[in-house]
Amino acid sequence: HAADKYGCMRLKMAVEAEMAAAGGITTDNAAELILFADATNCAMLKEAAMEYFVTNAQAVMESEGFGQVKESPAIMAELMAVALGGSKKRPASSDADSGRDYKRMRVSTLRQQLDDKGLDVDGSKEMLVARLEEAESDVIEVE
């Protein structure tokens with residue numbers, strides 16, 4: 001992954017945001033984008049593709065690429081969590097984004113908080129959450 005190899009994180013994130021934008025994800029490419037985003041640590045794109053799956057599950061499951069998704073137990077478990085409750089737990093407003101409930105925050109908000117703290121903004125959602133939680137525990141220990 002050239003962006004990671006050459007340190008072009010801003011370019012990587014700009015392309016990821018463009019791909020995740022409205023119209024970039026379709027029933028034909030959602031499954032492939034979930035796998036691609038997972039493999040390349042494109043957390044925002046993965047989040048958007050999974051949310052697209054939740055609202056268009058039947059059509060995405062009929063796409064050619066879904067066969068590959070079915071081969072990944074980890075991705076299937078994530079899709080099930082999002083489909084069966086993950087998206088319902090996320091508030092429609094930015095309530096979670098204003099507090100410290102990092103696991104419920106959107107990737108863009110996590111990245112903004114990391115950037116505000118001068119921390120690395122690249123990685124999976126789990127990596128971003130862990131980085132923020134670690135920074136928060138470091139602040140608590142200092143106080």
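Select Ile34 first. Beyond its neighbours within four places in sequence, Ile34 is in contact with Lys46, Ala49, Met50, Phe53, Ile75 and Leu79. The model on display is a predicted one, and each stop of this tour refers to that model.

Next, display the nonpolar core to which Ile34 belongs. This is the largest nonpolar core, with 19 residues, and Ile34 is listed with Ile25, Leu45, Phe66 and Leu79 as having the most contacts inside it. To see where the core comes from, colour helix 3 (30-39), helix 4, helix 6 and helix 7 (73-89), the elements that each give two or more residues to it. A second, separate core has 13 residues, and Met13, Met105, Val107 and Leu128 are among them.

Now select Phe53 and Phe66. How are the two rings of this pair arranged, by distance and by angle? They are stacked, with 5.9 Å from centre to centre and 5° between the planes. The count of aromatic pairs comes to one. Phe53 belongs to helix 4 (residues 43-55) and Phe66 to helix 6 (residues 66-70), so the pair ties together parts that lie 13 residues apart in sequence.

Move on to helix 2, residues 9-20. This helix has twelve residues and spans 16 Å from its first C-alpha to its last, close to the 16 Å expected at 1.5 Å a residue. Which residues of helix 2 are buried? They are Met9, Lys12, Met13, Glu16 and Ala20. Turn the view to look down the axis of helix 2: the buried residues fall within an arc of 95°, so they line one face of the helix. An α-helix has 3.6 residues a turn, so residues three or four places apart point the same way. On the other side of helix 2, select Arg10, Leu11 and Glu18, which are exposed. Met13, one of the buried residues of helix 2, is also a member of the second core.

Where does Asp122 lie? Asp122 is in the loop between helix 9 (107-116) and helix 10 (125-142). Is Asp122 buried or exposed? With a relative accessible area of 11%, Asp122 is buried, as the cut-off for that term is under 20%. Show the side chains of Asp122 and Lys12, which make a polar contact at 3.0 Å. Then pick the C-alpha atoms of Asp122 and Met9: they are separated by 7.1 Å, although the two residues are 113 residues apart along the chain.

Finally, show the whole chain as a cartoon. The protein chain has ten helices and zero strands. Of its 143 residues, 36% count as buried. Among contacts between residues at least 6 apart in sequence, 52% join residues at least 24 apart.

Methods. Residues numbered from 1 in each chain as written. Predicted model: local features only at pLDDT ≥ 70, side-chain atom pairs only at ≥ 80, totals over all residues. Heavy atoms only, no water. Helix = DSSP H or I, 4+ residues; strand = E, 2+ residues; numbered from the N terminus. Expected span 1.5 Å × (residues − 1). Buried < 20%, exposed > 50% of the residue type's maximum accessible area, 1.4 Å probe, protein only. Arc of directions from axis to C-beta. Phe/Tyr/Trp six-rings, centres within 6.5 Å; stacked < 30°, edge-to-face > 60°. Core = buried A, V, L, I, M, F, W, Y, C linked by side-chain atoms within 4.5 Å. Contact = heavy atoms within 4.5 Å. Polar contact = N/O pair within 3.5 Å; in protein donor to acceptor, adjacent residues only side chain to side chain.
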